[in-house]
Amino acid sequence: MADNRADTRVSMRTPLARVKGLGASGHGVEHWWLHRMTAVSNVPLIIAFVIIVAALAASPSYQEAIGIISHPLVAIILILAVISVTNHMRLGMQIVIEDYVHDKGLKIMAVIANNFYAVIIAVACLYAILKVSLGRILV
Amino acid sequence: MAEAKVAPRPLSPHLQIYRWSWTMAMSVVHRITGVALYGGIALFAIWLVALASGPSAFDAVQWFFGSPVGYLILFGYTWILMHHMLGGVRHLVWDFGHGMEAAQRINMARFTLVGSVALTLAIWVVAFIAF
């Protein structure tokens, strides 16, 4: 392998850092890529979500709601939607924070809070879906 | 030692200096709707947790969503969701390198608004008729 740098003695970078090529940020295109990937998965999942919510709105009793959410197909779609949406919103809000919050300490706090919020929403939704639906066989 | 002069850094002009265009307006709305959905998903989490908690918690939450304010929130949320979805599809089209011409950009931006309003009304009409 040819080393094309003008003067290898000048560089402070380790060979590993040079091979990874990620620069000062320490990460590459993952944020952008996961944002697009979850955008694609969001589209069919949100369409299904809207239909499920419309069905729920039409049957407002507790038993009917339990029956809808505990249907395996509904529960699986909702679980997938929660995973996809909470990741997508976490990535999107981080972009907004990085655009508008310039103070470094405040920015780090905001990004941490953003991650916490997304995880809390995801865990709350997933726990509730699983608690309602696990072990419930519709006869 | 000479004092280092801190020259004011040049800033790019902010929103109010530009003449509003369709693409700009829909870009701003896309971000605002994204932030609104970010907060709004908590309502769905509350509804689900109430369902998992039992009938009394569920009835309290269901009463709120069934109230006029609840319906207004759900209707607004539907439009925000549809607008962000169509805006997102627009961004995906751009990511593939299509729709970059001026006329296409403006038409896609207009479609985002018209399409989201149409979809919202369709969802509510269908929901009321079908269910």
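## A first look at chains A and B

Just after α3(B), B:Gly97 takes a positive phi of about 85°. Helices here are DSSP runs of H or I with at least four residues, strands are E runs of at least two, and both are numbered from the N terminus. This is a predicted model, where local features need pLDDT of at least 70 and side-chain atom pairs count only at pLDDT 80 or more, while totals for chains, interfaces and linings use all residues. Residues are numbered from 1 along each chain as its sequence is written, and chains are lettered from A, with ligands numbered from 1, in the order in which they are written.

Let's stay with α3(B) for a moment. This helix has 28 residues and reaches 40 Å from first C-alpha to last, close to the 40 Å expected at 1.5 Å a residue (the expected span is 1.5 Å times one less than the number of residues). Its buried residues include B:Ile80, B:His83, B:His84 and B:Arg90; buried means that 20 or more other C-beta atoms, placed from the backbone, lie within 10 Å of a residue's own. They pack against α2 of chain A as well as α1 and α4 (102-130) of chain B.

Now for chain B as a whole. It has 4 helices and 0 strands.

| Feature of chain B | Value |
|---|---|
| Radius of gyration, over C-alpha atoms | 21 Å |
| Span of the C-alpha trace along its principal axes | about 75 × 50 × 25 Å |
| Buried share of the 131 residues | 24% |

A compact globule of 131 residues would have a radius of gyration near 14 Å, by a rule of 2.2 Å times the number of residues to the power 0.38.

How do the two chains meet? 27 residues of chain A are in contact with 26 residues of chain B, contact meaning C-beta atoms, placed from the backbone, within 7 Å. On the chain A side, α2(A) gives the most, with 10 residues. That side divides into 24 nonpolar, 1 polar and 2 charged residues; Ala, Val, Leu, Ile, Met, Phe, Trp, Tyr, Cys and Pro count as nonpolar, Asp, Glu, Lys and Arg as charged, and the others, Gly among them, as polar.

The largest nonpolar core has 35 residues; such a core is a set of buried Ala, Val, Leu, Ile, Met, Phe, Trp, Tyr and Cys residues joined through C-beta atoms within 7 Å. α1(B) gives the most to this core, with 10 residues. A:Cys125 is among the residues with the most contacts inside the core. Not counting residues up to four places away in sequence, A:Cys125 touches A:Val82, B:Phe44, B:Ala45 and B:Leu48.

Technical notes
Two residues are in contact if their C-beta atoms, placed from the backbone, lie within 7 Å. A residue is buried if 20 or more other C-beta atoms lie within 10 Å of its own, exposed if 12 or fewer, and partly exposed in between; C-beta atoms are placed from the backbone.
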